[in-house]
Amino acid sequence: MLKRNVYGEDHELYRSTVRRFLEKEAVPYHDAWEEDGITPKDFWLKAGAQGLLCPQIPEAYGGPGGDYKYLAIVNEEAGLLGISAANFQVHSDIAAAYVLHFGTEPVKQRLLPKMVAGEAIGAIVMTEPNTGSDLQAVRTTAVRDGDHYVLNGAKTFISNGINADVLITVAKTDPAQGSRGISLFIVEGGMAGFERGKRLKKLGMKGQDTAELFFNDVRVPAENLLGEENKGFAYLMEELPQERLAIAIIAVAASQRAFDLTIAYTRERKAFKQRILDFQNTRFKLAEIKAELAAAWAYLDQCIVAHAAGELEVHDAAALKLWTTELQGRVMDECLQLFGGYGYMSEYPISRMYADARIQRIYGGTSEIMKEIIARSIDKQ
Ligand SMILES: Cc1cc2nc3c(=O)[nH]c(=O)nc-3n(C[C@H](O)[C@H](O)[C@H](O)COP(=O)(O)OP(=O)(O)OC[C@H]3O[C@@H](n4cnc5c(N)ncnc54)[C@H](O)[C@@H]3O)c2cc1C
């Protein structure tokens with residue numbers, strides 16, 4: 001990999017801490033978490049104690065007050081080490097960011113220190129059984145009743161859904177108004193009428209819990225409304241670049257890991273009395289991937305720097321997510337091929353990385369929706 005110019009000395013020190021922690025506390029247990037379909041809460045507490053959660057949260061709310069690049073480093077290291085359990089992106093990059101940017105002061109004081117410590121786990125709750133891409137069609141409602149809102153509806157595919165205590169929930173406060181009638185609420189674990197459905201079984205990302213959620217007359221205090229009523233859609237648009245950047249970071253880091261693992265494997269394995277790495281096909285495939293990875297890191301770094309400066313636009317993040325996740329899909333497929341039948345066996349990391357990669361083109365907005373967003377920006381140029 002070419003030398004990168006994004007991070008300073010303090011960032012690199014933090015990276016070493018993150019890597020050491022993940023190698024010691026996540027890598028040895030990852031298979032077991034995948035068997036269980038969930039990561040235990042005590043891992044979150046350990047991650048919190050080591051400073052891996054919400055590194056961007058200011059000291060006033062119990063965090064270290066780092067810049068965006070600290071968040072990026074956690075995602076890079078998780079991708080490079082193949083950690084797809086415990087969804088830290090949803091917790092730190094998304095849920096905590098909504099609380100910090102739009103939460104009322106008492107709620108920030110109460111919840112953010114717990115999120116930094118890993119005592120409260122975050123989730124983003126948008127998707128419903130009948131609507132995913134078309135967010136303005138959500139049916140969950142929130143009706144004001146005195147100093148509370150009463151929420152009713154059902155959600156699905158929610159990452160951290162079983163473990164979460166701080167759930168950033170999308171609901172309609174003015175159903176006649178489409179996107180202008182959407183608000184965001186913090187639903188908290190334990191609120192009466194809030195129920196978790198089953199843990200969903202899925203193709204990959206098996207170590208993280210994904211769940212259905214139900215809201216039956218859940219009374220949410222008005223102070224848990226994020227920002228202003230009916231402005232939720234605008235807040236979602238503001239936060240989506242950070243969510244998509246996190247997905248892109250994982251895409252590039254995981255592709256790098258697949259490339260490195262494939263070099264190691266094809267060096268060892270022999271066929272027709274030569275190393276698999278010596279076949280021209282292998283050398284050319286890996287050469288292509290190496291060139292694409294160099295472009296991917298450069299593109300990613302440009303976007304990390306832009307986002308740290310508050311300059312990453314919605315369509316920029318959409319283009320990055322589209323290109324890096326499509327690349328990840330191709331890289332996983334080509335690398336798995338070079339492992340032959342072993343690549344298809346669950347005990348080989350490449351098989352799980354192949355499965356993990358598939359969702360990246362779907363969640364956080366599908367590749368088709370990314371193209372829509374990019375296309376709209378073209379029309380405005
Ligand atoms: C493992 C996992 C974790 C997830 N985590 C979360 C989470 O934490 N929180 C959350 O809220 N959601 C989460 N999701 C949901 C995810 O964001 C949605 O699945 C995704 O946005 C797509 O929505 P959908 O599944 O309803 O597909 P649909 O919207 O029904 O789309 C089906 C197909 O139609 C295409 N399509 C739709 N509209 C258009 C269009 N305008 N033009 C062209 N093609 C179109 C789509 O691209 C797709 O190919 C998760 C999903 C999974 C599987």
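Tutor: Here's the rule to start with: two strands count as paired if DSSP finds at least two bridges between them. Keep in mind that this is a predicted model.

Student: Okay, which strand pairs with S3 over nine bridges?

Tutor: That's S7, residues 210–221, and the pairing runs in the antiparallel sense. To pick out one spot, find Ile158, which stands opposite Ala211 in S7.

Student: And which strand pairs with S3 over five bridges?

Tutor: Strand S2, residues 141–145, which pairs with S3 (residues 148–159), again in the antiparallel sense. Look for Ala142, with Leu151 of S3 standing opposite. As a general idea, side chains in a regular strand alternate between the two faces of the sheet.

Student: What sits between S2 and S3 in their hairpin?

Tutor: Two residues, and Gly146 in this hairpin takes a positive phi near 65 degrees.

Student: Now helices. At what angle do the axes of H5 and H7 cross?

Tutor: Roughly 155 degrees, with the axes coming within 10 Å; H5 covers residues 88–102 and H7 covers residues 232–268. Angles over 145 degrees count as roughly antiparallel, so that's how H5 and H7 lie to each other. Their crossing is right-handed.

Student: Which residues of H5 and H7 meet there?

Tutor: From H5, look for Gln89, Asp93, Ile94, Ala97, Tyr98 and Phe102; they meet Tyr235, Glu239, Gln242, Glu243 and Ala246 of H7. Sorted by type, the residues of this contact are six nonpolar, two polar and three charged.

Conventions. Residues are numbered from 1 along each chain as its sequence is written. This is a predicted model: local features need pLDDT of at least 70, side-chain atom pairs count only at pLDDT 80 or more; totals for chains, interfaces and linings use all residues. Helices (H or I, at least four residues) and strands (E, at least two) are DSSP runs, numbered from the N terminus. Axes are lines fitted to C-alpha atoms, for helices over the stretch in contact, and angles run from 0 to 180 degrees between N-to-C directions. Angles under 35 degrees count as roughly parallel, over 145 as roughly antiparallel, 65 to 115 as roughly perpendicular and the rest as oblique. A crossing is left-handed if the near helix is turned anticlockwise from the far one by less than a right angle, and right-handed if clockwise. Two residues are in contact if their C-beta atoms, placed from the backbone, lie within 7 Å. Ala, Val, Leu, Ile, Met, Phe, Trp, Tyr, Cys and Pro count as nonpolar, Asp, Glu, Lys and Arg as charged, and the others, Gly among them, as polar.
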